[in-house]
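Have a look at the model first.

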Amino acid sequence: MRLTIFWERMADHFGQGYADSFARDHVMAELGGRTVHQALDAGWDAKDIWRAVCTAMDVPAERR
């Protein structure tokens, strides 16, 4: 998944303003105790991060 698609999906689900805040502040066990930004910086694939966000936040299947 391209990073632009990842951020579009984050904005679609959380809203444009909250998506970055969530990505910066919400520590997720599914990401090894990292935030989305930390996982991206650590080299995680955007698709894997999106899957983790979907699992942690119960994103509906039609939005995954």
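Contact here means heavy atoms within 4.5 Å. Helices (H or I, at least four residues) are DSSP runs, numbered from the N terminus. Keep in mind that this is a predicted model, where local features need pLDDT of at least 70, side-chain atom pairs count only at pLDDT 80 or more, and totals for chains, interfaces and linings use all residues. Residues are numbered from 1 along each chain as its sequence is written, and side-chain values use heavy atoms, with hydrogens and water left out.

**Helix packing**

- On the H1 side of the contact you'll find Leu 3, Phe 6, Arg 9, Met 10, His 13 and Phe 14; they meet Ala 46, Ile 49, Trp 50, Val 53 and Met 57 in H4.
- Sorted by type, the residues of this contact come out as nine nonpolar, one polar and one charged (Ala, Val, Leu, Ile, Met, Phe, Trp, Tyr, Cys and Pro count as nonpolar, Asp, Glu, Lys and Arg as charged, and the others, Gly among them, as polar).
- The axes of H1 (residues 3-14) and H4 (residues 46-57) come within 9 Å and cross at roughly 15 degrees; axes are lines fitted to C-alpha atoms over the stretch in contact, with angles from 0 to 180 degrees between N-to-C directions.
- That makes H1 and H4 roughly parallel (angles under 35 degrees).
- Their crossing is left-handed, as the near helix is turned anticlockwise from the far one by less than a right angle.

**Aromatic rings**

- There are five aromatic pairs in the structure (rings of Phe, Tyr and Trp, its six-membered ring, with centres within 6.5 Å; planes under 30 degrees apart are stacked, over 60 edge-to-face and the rest tilted).
- Phe 6 and Trp 50 pair edge-to-face, at 6.3 Å centre to centre and 85 degrees between the planes.
- This pair ties together distant parts of the chain, with Phe 6 in H1 and Trp 50 in H4, 44 residues apart.
- Phe 6 is buried at 0% relative accessibility, and Trp 50 is buried at 3% (buried means under 20% relative accessible area, exposed over 50%, partly exposed in between; 1.4 Å probe, protein chains only).
- Phe 14 and Phe 22 are stacked, because their ring centres are 4.4 Å apart and their planes sit at 20 degrees; both residues are buried.
- Phe 6, Trp 7 and Trp 50 are linked by ring pairs into a cluster.

- Most residues other than glycine have a negative phi.
- Asp 58 isn't a glycine, yet its phi is positive, about 50 degrees.
- Asp 58 lies in the segment after H4 and is exposed, with a relative accessible area of 63%.

How values were computed: Helix = DSSP H or I, 4+ residues; strand = E, 2+ residues; numbered from the N terminus. Parallel < 35°, antiparallel > 145°, perpendicular 65-115°, else oblique.
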